[in-house]
Amino acid sequence: MPPIPGSGLAKGLAVTLRTMTKRTVTAQYPDVQPELPPRTRGVIGLFEENCTVCMLCARECPDWCIYIDSHKETVPPAAPGGRERSRNVLDRFAIDFALCMYCGICIEVCPFDALFWSPEFEYAETDIHELTHERDKLREWMWTVPEPPALDPGAEEPKEIAAARKTADKLQAQETQAAEEARAAREAERARPGRTPEGEGQE
């Protein structure tokens, strides 16, 4: 059935009339803070203790706005006769938010969960150079990172938890088996012919 001539114009006017009858609501920002969605991408926080200076986030960043400097330190052997090891120590971790496009690739590729989204968005500066946040500033944003959402009860169990539970069950089974074998050995010792019960034959 062909459309009725002028139906599009009528629909447009209907939308206009509905909008005209609604009351205008003005957000009184900054006196009233907006209610942000749970997954708001505001700024990136750094959990420095988890960073291993793998440089994966800097390599994958399409804007090249992550700057990382580090040096190597020699770690003494954990046990006598062991080898000394070297580890990377983080010297600088900075993100230039004047270049960042908030794609979140750095957070997704981090294998050690050192980067997190924070919903904070009030970090405007009068100087563009001040938008390069060093690791001290990025660490402060970590205090504003919300708690992760609760897991779906019907979701599949994480592989790490499943592996840990399997190992714990295996160790418990071994301990139970060892206890059963020890109990069976004690009972066999008591039932052995010619064995003098404890306390008999003593004056």
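Which residues lie nearest the centre of the largest cavity? The legends below take up this question and others, view by view.

This is a predicted model, in which local features need pLDDT of at least 70, side-chain atom pairs count only at pLDDT 80 or more, and totals for chains, interfaces and linings use all residues. Residues are numbered from 1 along each chain as its sequence is written, and side-chain values use heavy atoms, with hydrogens and water left out.

**View 1. The largest cavity has Cys51, Cys54, Cys57, Cys110 and Ala114 nearest its centre.** A cavity is a set of points, on a 1 Å grid over the protein atoms alone, where a 1.4 Å probe fits but cannot get out, and its lining residues have an atom within 4 Å of a point. This cavity holds about 100 Å³ of space, a volume being the space filled by probe spheres set on the grid points, which are joined across faces, edges and corners. Its lining consists of 16 residues, and by class these are 14 nonpolar, two polar and no charged residues. Here Ala, Val, Leu, Ile, Met, Phe, Trp, Tyr, Cys and Pro count as nonpolar, Asp, Glu, Lys and Arg as charged, and the others, Gly among them, as polar.

**View 2. The second largest cavity has a volume of about 70 Å³.** Among the residues that line this cavity are Ile44, Cys61, Cys65, Ile66, Cys100 and Cys103. By class, the lining has 10 nonpolar, one polar and one charged residues.

**View 3. Tyr102 and Trp117 form a stacked aromatic pair.** Rings of Phe, Tyr and Trp (its six-membered ring) pair if their centres lie within 6.5 Å, and planes under 30 degrees apart count as stacked, over 60 as edge-to-face and the rest as tilted. In this pair the distance is 6.4 Å centre to centre, with 25 degrees between the planes. Tyr102 sits in the loop between β3 and α3, whereas Trp117 belongs to strand β4, 15 residues apart; helices (H or I, at least four residues) and strands (E, at least two) are DSSP runs, numbered from the N terminus. Tyr102 is partly exposed, with a relative accessible area of 25%, while Trp117 is buried, at 18%; buried means under 20% relative accessible area, exposed over 50%, and partly exposed in between (1.4 Å probe, protein chains only). Both residues belong to one aromatic cluster, together with Phe97, Tyr123 and Trp141.

Terms used. 1 Å grid on protein atoms, 1.4 Å probe; cavity = no way out; pocket = protein on both sides within 12 Å on 5 of 7 lines; lining within 4 Å.
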